[in-house]
Amino acid sequence: MRTARLFVHGSWIDGVSTFEMRDKYDGTPVAEVHEAGSEHVDAALEGVARGQRDHALPPYDRFRILSTAARRMEELHDEFVNTVVLDTGFTLTDARREVSRAAQTLLLSAEEAKRIHGEVVPFDSAPGVSERYAFTVRRPLGVVCAITPFNSPLNTLTHKVAPALAAGNGVVVKPASYTPLSAGMLVQLLLDAGLPPDLVALVQGPGSTVGQRLLESPIPSFYAFTGSTEVGEHIRRTVGLRRTQLELGSLSSTIVCEDAVLDRCVPLCVGAAFRKAGQVCTSVQRLYVHAAVVDEFLSAIKDELGSRTAGDPKQEGTFVGPVISAEDADRIESWIDRATRRGAQVVHGGRRSGQVIEPTVLDDVAADLDVFCREIFGPVVSIRPFSDFDEALAEVDDTPFGLAAGIFTSDITRALTAAERLRMGSVHINETSSSRVDLMPYGGVKHSGLGLEGPRYAIDEMTEQRLISIGRP
Ligand code: NDP
């Protein structure tokens with residue numbers, strides 16, 4: 001059994017009570033998690049606020065610590081992978097990708113720490129202003145509070161913690177209760193890399209109590225959150241004028257035109273639909289496939305999935321592991337059942353064992369079915385054939401969300417039309433909605449949130465600009 005403690009005032013400490021974390025595949029207890037009381041949350045915030053005030057790190061030191069942490073994470077790759085698997089039930093392949101990406105995110109943040117700069121403002125271009133010089137600098141905000149979801153317990157957390165530190169802030173972290181272990185390892189890694197212990201704190205426990213206390217405290221100047229739209233809206237209402245980065249829900253679509261190169265497109269769609277058992281905000285949930293190629297596409301998808309296995313994520317080669325909880329498995333199963341009762345055809349999968357849902361492909365899916373019009377967060381992709389490109393684009397855009405979309409086509413005009421018309425944070429041409437490179441600006445519009453991840457862009461948000469002007473005495 002592992003133990004997940006709190007890191008407060010520079011020490012690993014016990015909470016007010018403990019709860020058990022279970023293996024997502026076989027249900028065995030794997031960790032005892034210490035839950036923070038309100039006094040721990042307050043102490044964590046006060047300690048980091050003081051640390052950030054008293055121990056400001058120069059940019060080079062931030063670079064050194066974050067780049068050492070990146071290197072060390074690569075050295076500890078297998079330990080991190082095992083921890084991510086325990087936390088999430090991700091397959092080894094998915095967990096390895098999560099760890100490699102998190103190491104990259106640390107390194108990118110380290111590099112950006114050295115490039116934080118302002119600009120010269122040409123005061124003397126204004127009428128009547130002469131012999132005055134002006135420039136801007138970017139200053140840290142103080143304390144960043146990072147609240148993260150279960151589905152990327154290491155890289156999403158790193159996308160918040162590393163830019164916050166690179167920008168010169170202190171950070172208080174609250175991971176999802178389902179996945180407490182990776183966060184503890186990340187904090188220890190940063191400490192071992194030389195981070196002063198009073199610049200970071202970790203509190204564990206439910207969002208409704210521990211998270212809520214973090215929101216109600218006046219100390220954080222910035223909330224970096226990834227999770228559901230519902231909680232994101234609650235954060236906005238609670239924290240008032242303070243800045244937020246909210247990476248929220250989605251309903252992601254990918255369009256496959258009749259001139260798509262299927263040999264390339266099909267494996268990418270399969271990977272992006274079932275990676276992390278579909279528990280990715282940009283997962284390919286809705287696939288619009290041109291009617292002229294839909295039969296060929298379906299047969300290629302069946303071939304691609306043919307020998308893939310669903311089951312124990314710790315077994316090398318397992319393609320899809322469990323979803324995060326039995327309740328989520330119940331919900332996903334009921335949405336599939338409802339869809340098939342309403343005439344959807346199961347092209348592949350559809351069955352469930354424990355928390356494992358087979359990779360499921362549905363065809364003939366009505367647009368008002370839950371599997372199609374609500375975020376499923378499970379290994380289910382729904383296919384909707386189209387004949388009219390403009391109609392398909394309009395449907396893809398017609399959701400409350402705007403995170404990302406993908407389109408496969410060889411026609412540049414069509415690709416650019418999609419890029420112009422779709423109101424999304426990202427549109428990927430000849431890639432799926434789930435394409436992401438960690439250095440890119442990443443964020444949604446509409447109900448998918450506001451603010452950006454991607455170290456360079458997050459650092460901008462986690463700093464404030466100050467203008468300094470100089471005149472002759
Ligand atoms: P939740 O919104 O349920 O939880 C996210 C985090 O918020 C958890 O740490 C949770 O704590 C905490 N939380 C819950 N209530 C409160 C509260 N009142 N105050 C403060 N914190 C609170 O999301 P899930 O974990 O279920 O993640 C899935 C969602 O995340 C999906 O909608 C998905 O689309 C979205 N997501 C978006 C991404 C993006 O980049 N746009 C990327 C990944 C996921 P606890 O769980 O411990 O109670």
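Which residues in helix 9 meet which residues in helix 10? The tour begins with that contact.

The model is predicted, and local features need a pLDDT of at least 70, side-chain atom pairs count only at pLDDT 80 or more, and totals for chains, interfaces and linings use all residues. Residues are numbered from 1 along each chain as its sequence is written, and side-chain values use heavy atoms, with hydrogens and water left out.

**Stop 1: helices 9 and 10**

Select residues 262–274, which form helix 9, and residues 294–305, which form helix 10. Helices are DSSP runs of H or I with at least four residues, strands are DSSP runs of E with at least two, and both are numbered from the N terminus. Two packed helices are described by the angle between their axes and the distance between the axes. Here the angle is about 60° and the axes are 10 Å apart. Axes are lines fitted to C-alpha atoms, for helices over the stretch in contact, and angles run from 0 to 180 degrees between N-to-C directions. Helix 9 is therefore oblique to helix 10; angles under 35 degrees count as roughly parallel, over 145 as roughly antiparallel, 65 to 115 as roughly perpendicular and the rest as oblique.

Now show the side chains at the contact, where contact means heavy atoms within 4.5 Å. From helix 9 come Leu262, Cys265, Val266, Pro267, Cys269, Val270 and Phe274, and these meet Glu296, Phe297, Ala300, Ile301, Glu304 and Leu305 of helix 10. By class, this contact of helix 9 with helix 10 holds 11 nonpolar, no polar and 2 charged residues. Ala, Val, Leu, Ile, Met, Phe, Trp, Tyr, Cys and Pro count as nonpolar, Asp, Glu, Lys and Arg as charged, and the others, Gly among them, as polar.

**Stop 2: helices 2 and 4**

Next, select helix 2 (residues 59–75) and helix 4 (residues 92–113), which pack at about 165° with their axes 8 Å apart. Helix 2 is thus roughly antiparallel to helix 4. Among the contact residues are Phe63 and Leu66 of helix 2 and Leu106 and Leu107 of helix 4. The contact of helix 2 with helix 4 has 13 nonpolar, 2 polar and 3 charged residues.

**Stop 3**

Two strands pair if DSSP finds at least two bridges between them. Strand 1 and strand 5 (residues 29–35) run parallel and are joined by 3 bridges. Select Arg2 to find its bridge partner in strand 5, Ala31.

**Stop 3: strand 7 and its partners**

Move to strand 7 (residues 132–140), which is joined to strand 6 (residues 120–121) by 2 bridges in an antiparallel arrangement. Phe135 in strand 7 stands opposite Val120. Strand 7 also pairs with strand 27 (residues 463–471), in the antiparallel sense over 9 bridges. There, Ala134 stands opposite Ser469.

**Stop 4**

His9 lies in the loop between strand 2 (6–8) and strand 3 (11–13).
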